[in-house]
Amino acid sequence: MKQTKKIILIIIIIIIGIIVGDSLQALLFNNSPIIKIKINLTDSNIKYIDKGLVVNHYYCNNNTEKTVFKGTNYNCLSNVENKKIKTIIDKTLNTQDFACLDVIEDFYQDENYIYYFNCAKGYAIVVVYEDETEEKVEDALKKGTITISDLDKYNITYGKREIKNN
C-alpha cells in the first residue's frame, strides 16, 4: 500500500514539474508552450493563440509574439504605435497621365489570401495619420496599424487570391 502511494506521489510530482517547466520555458524565452492547444482567430489583430495550461502565447498580425500568464488581458495593438488613421489614399488617382508597369504587385498576405495591386503602384498607396505623417500601406499592414478592412473603408482597389493549402 505504501509503495502505491509513493508511485502515485512521484507521478504527480513529475506531472507538476513538466507543467511548471513548460510554462517557465515559454515565459523566459517568449515562445509557445509545448503542451498547448492552437486557437486560430479571424478578423482580429491576432493570428492565433497557443493556449497552454498556465500560459498563452499570442502570434500577432504585426509579426510580434508574446507569452503571458492565463487571465492576463493582452492586446497585440499595445505593441503598435497608437496612431489614428486620417485617410488612406491612392496618389495615382491625382496624377495626370499616370502609367504604371502592368505587373501583379503583392503587398500583404494573411492565412487565407495574398493581396495585390494590378500594377506596380504600392509606393503610391499611403496611410495618412492624424499627425499628418504618412506610411506605405504595405508597411502599415505589417505593423498592424491598419487592416485590410481599412482599405475597403477608404475605397482602395486591390485584388486577392486564395492560398491553396496542399
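Start with the secondary structure: the protein chain has 3 helices and 10 strands. The model is a predicted one. Colour by element and follow the chain along the sequence. The pattern reads α-β-β-β-β-β-β-β-β-β-α-α-β.

**The whole chain**

Zoom out. Along its principal axes, the C-alpha trace spans about 90 × 40 × 20 Å. The radius of gyration is 23 Å, while a compact globule of 166 residues would come in near 15 Å.

The accessible area is about 11200 Å², and carbon and sulfur atoms supply 54% of that. Of the 166 residues, 33% count as buried.

Now colour the charges. The chain carries 21 positive and 22 negative charges. Their mean positions lie 13 Å apart.

One more number before the close-ups. Take the contacts with a separation of 6 or more: 45% of them join residues 24 or more positions apart.

**Stop 1**

Select α1, residues 2-29, and β1, residues 36-40; S32 sits in the loop between them. N30 lies in the loop between α1 and β1 as well.

Pick N30. Check its backbone: phi is positive, about 50°, although N30 is not a glycine. Most residues other than glycine have a negative phi. N30 is partly exposed, with a relative accessible area of 29%.

Move to S32. Is S32 buried or exposed? S32 counts as buried, because its relative accessibility is 14% and the cut-off for buried is under 20%.

Show side chains. The S32 side chain makes a polar contact of 3.5 Å with the side chain of K36. Next, display the S32 contacts beyond four places in sequence: Q25, A26, D50, H57 and Y59.

**Stop 1: Y59 in β3**

Follow that last contact. Y59 belongs to strand β3, residues 55-60. Y59 is buried, at 16% relative accessible area.

Which residues does Y59 touch, leaving out those up to four places away in sequence? Select S32, I46, K47, Y48, D50, T64 and E65.

**Stop 2: D90 in β5**

Select strand β5, residues 85-90, and pick out D90. D90 counts as buried, at 10% relative accessibility.

Which side chain is joined to that of D90 by a polar contact of 3.0 Å? The partner is K121. Beyond four places in sequence, D90 is in contact with K121, A124, I125 and I156.

**Stop 3: L141 in α2**

Go to helix α2, residues 137-143. L141 is found in this helix. L141 counts as buried, with a relative accessibility of 2%.

Show its surroundings. Setting aside neighbours within four places in sequence, L141 is in contact with N61, F107, Y108, I146, T147, I148 and L151.

**Stop 4: T145, between α2 and α3**

Step along to T145, in the loop between α2 and α3. T145 is buried, with a relative accessible area of 15%.

Turn to its side chain. A polar contact of 2.9 Å links it to the side chain of Y129. T145 and T67 are 78 residues apart along the chain, and their C-alpha atoms are separated by 21 Å.

**Stop 6**

Finish with the loop between α3, residues 148-153, and β10, residues 159-162; N155 lies here.

What is phi at N155? The value is near 55°, positive in a residue other than glycine. Is N155 buried or exposed? N155 counts as exposed, because its relative accessibility is 65% and exposed means over 50%.

To compare, go back to N30. N30 has a positive phi too, but N30 is partly exposed.

Key:
Residues numbered from 1 in each chain as written. Predicted model: local features only at pLDDT ≥ 70, side-chain atom pairs only at ≥ 80, totals over all residues. Heavy atoms only, no water. Helix = DSSP H or I, 4+ residues; strand = E, 2+ residues; numbered from the N terminus. Buried < 20%, exposed > 50% of the residue type's maximum accessible area, 1.4 Å probe, protein only. Polar contact = N/O pair within 3.5 Å; in protein donor to acceptor, adjacent residues only side chain to side chain. Contact = heavy atoms within 4.5 Å. Rg over C-alpha atoms; globule rule 2.2 N^0.38 Å. Areas by Shrake-Rupley, 256 points an atom, 1.4 Å probe, with all protein chains shown as cover. Lys, Arg positive; Asp, Glu negative; His and termini not counted. Charge placed at Lys NZ, Arg CZ, Asp CG, Glu CD.
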